[in-house]
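The exercises below ask you to read a structure step by step, and each one is followed by a worked solution. Try each task yourself before you read on.

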Amino acid sequence: MAIDRNKTKTLVEEINNLFNEVAGSLPGEVREKLKNVILGPAVKEIEKFVSESRPPVMFLVGRSGHGKSSLINALTNKKVAEVGDVKPTTEGSILHSITFEETYSSWDIIDSRGLFETTKPEKASIENTKEQLKENAKEQLKQDLRKYKPDIILHVIAAPETRNLEQDFVVYKKIQRQLKEELGAIPPTIIVLNKIDTIGNPRDWPPEKNARKAGLIKELLNYMSEEVLKLKYEKIDLNYPIKGYKFLKDSDYLAIIPVSSYWDDERDDRWNIETLSMFIGEHLPKFALLDFYQAQRRKKLLKNLSTSLIKRFSTIAAGIGAIPIPIADIAVLIPLQILMITLIGGLSCREFSKETALEFISAAAINVGTAFGLRGLARQLVKLIPVGGSVISAGIAYTGTYAIGKSAEAYFFEGEVKKPEEFINEKNN
Ligand SMILES: Nc1nc2c(ncn2[C@@H]2O[C@H](COP(=O)(O)OP(=O)(O)OP(=O)(O)O)[C@@H](O)[C@H]2O)c(=O)[nH]1
Ligand SMILES: [Mg+2]
């Protein structure tokens, strides 16, 4: 189970009630300030990620047989698209709306079949010249961009064929520039060098164990970046250059990433899909992130997202520094922290509900006893906030929230019970 949009509304209501309770003894004016500075932004964060979230929209271009369907399966970790050697029979694009029921998420993937195809579907005229093909591709892309408004475009090309298909990149670059002028802005494009396992000897696999294959991949990446695209690049992973190159800002392409999408019942030769996935995630709008990461159930990526949210919630909590509040009233931070814990639990694919938060608190606190409901939660959580001093400073609020967040993260993602104190000195990381 994971984050269920329908459940967030109830939780937000409960959190508001809890806030009114814990802040009940404070003067009305202070309460209002707290609502504006702390609770409001925390709830907004939840809304952005959960209630207002929408599926990511990814647009695939590339020739038939280069592995677009395989890539969809590899990325989704699910066999959703049909893989085969079927020749394109229809012009135009098809939309796959993929639902991941177990994680309440969905993706929209558009497979733009036929773009760049020289072997056009039979009904098209054979006399199409190169220039006409380019014009057709441009018109199709333009229509599709208007219709689907993708967040990102993946240009899939079979690695062994790159040297024969240099022309595709030149054409695509031209189309991109023209469309940028006509439409204002267009989504960023990543080049996916698929079937990377098949360059050189397919048996030299995986590249981690075959220096020769790793060398060929590096050569191809350099050739593509330097000779064909002529773009300045940086390595995505400094320790392992063959994971791909990212291009400097405002280039025609965002990055070039080699992958293998091969995955059937007998063999799973997928490689470097996680780098691609991480890179896509870094360039998606916030609203589309939750669906993107949850669907894949990739622990590492979800945990990264959780860590960035912990920092965000801690920063919000630090806003309390501007409102002088005695340390004895530290409980006013609890509603925000419960929202954060619930979100972390949800990201780890647990149910998005207060019961999930309660489970963590019971595990981390010494004794929850029969305490139940949000008030019980709040009382236990207060004991967990490591504090000192006499007023709640920005530093205390940040550190306390961060430590609780990391403790919850260790619990949900690693199944480890680590007290918040253990994370106190990590706050500047
Ligand atoms: N070795 C290897 N084979 C792959 C890889 N990706 C795809 N294939 C194979 O290439 C063939 C075509 O893959 P598809 O995913 O159907 O290609 P497609 O781009 O969707 O093709 P169309 O639907 O016709 O446009 C299949 O036999 C796949 O198994 C890969 O990374 N490595
Ligand atoms: Mg296909």
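**Exercise 1.** How many Å separate an oxygen atom of ligand 1 from a polar backbone atom of K68?

Solution. This is a predicted model, in which local features need pLDDT of at least 70 and side-chain atom pairs count only at pLDDT 80 or more, while totals for chains, interfaces and linings use all residues. Residues are numbered from 1 along each chain as its sequence is written, chains are lettered from A and ligands numbered from 1 in the order in which they are written, and side-chain values use heavy atoms, with hydrogens and water left out.

Step 1: the distance between the oxygen atom of ligand 1 and the polar backbone atom of K68 is 2.7 Å, and a polar contact here is a pair of N or O atoms within 3.5 Å.

Step 2: a backbone N or O atom of G67 lies 3.0 Å from an oxygen atom of ligand 1, and an N or O atom in the side chain of S260 is 3.5 Å from an oxygen atom of ligand 1.

Step 3: taken alone, ligand 1 exposes 650 Å², of which the protein buries 85%; these areas come from the Shrake-Rupley method with a 1.4 Å probe.

**Exercise 2.** Describe the residues that surround ligand 1.

Solution. Step 1: ligand 1 is surrounded by 19 residues, where a residue counts if one of its heavy atoms lies within 4 Å, and the closest are S64, K68, S70, D197 and S261.

Step 2: sorted by class, this shell has eleven polar, five charged and three nonpolar residues.

Step 3: helix α3 (residues 68–76) gives the largest share of the shell, namely three residues; helices are DSSP runs of H or I with at least four residues, and strands are runs of E with at least two.

**Exercise 3.** Are the residues of strand β5 (residues 189–194) mostly buried or exposed?

Solution. Step 1: six of the six residues of β5 are buried, where buried means under 20% relative accessible area and exposed over 50%.

Step 2: in a regular strand the side chains alternate between the two faces of the sheet. In β5, T189, I191 and L193 on one side and I190, V192 and N194 on the other are all buried.

Step 3: strand β4 (residues 152–158) pairs with β5 in the parallel sense over six bridges, pairing requiring at least two DSSP bridges, and I157 stands opposite L193 in β5.

Step 4: β5 also runs parallel to strand β8 (residues 255–258), to which four bridges join it, and V192 stands opposite I257 in β8.

Notes
Polar contact = N/O pair within 3.5 Å; in protein donor to acceptor, adjacent residues only side chain to side chain. Nonpolar A, V, L, I, M, F, W, Y, C, P; charged D, E, K, R; others polar. Buried < 20%, exposed > 50% of the residue type's maximum accessible area, 1.4 Å probe, protein only.
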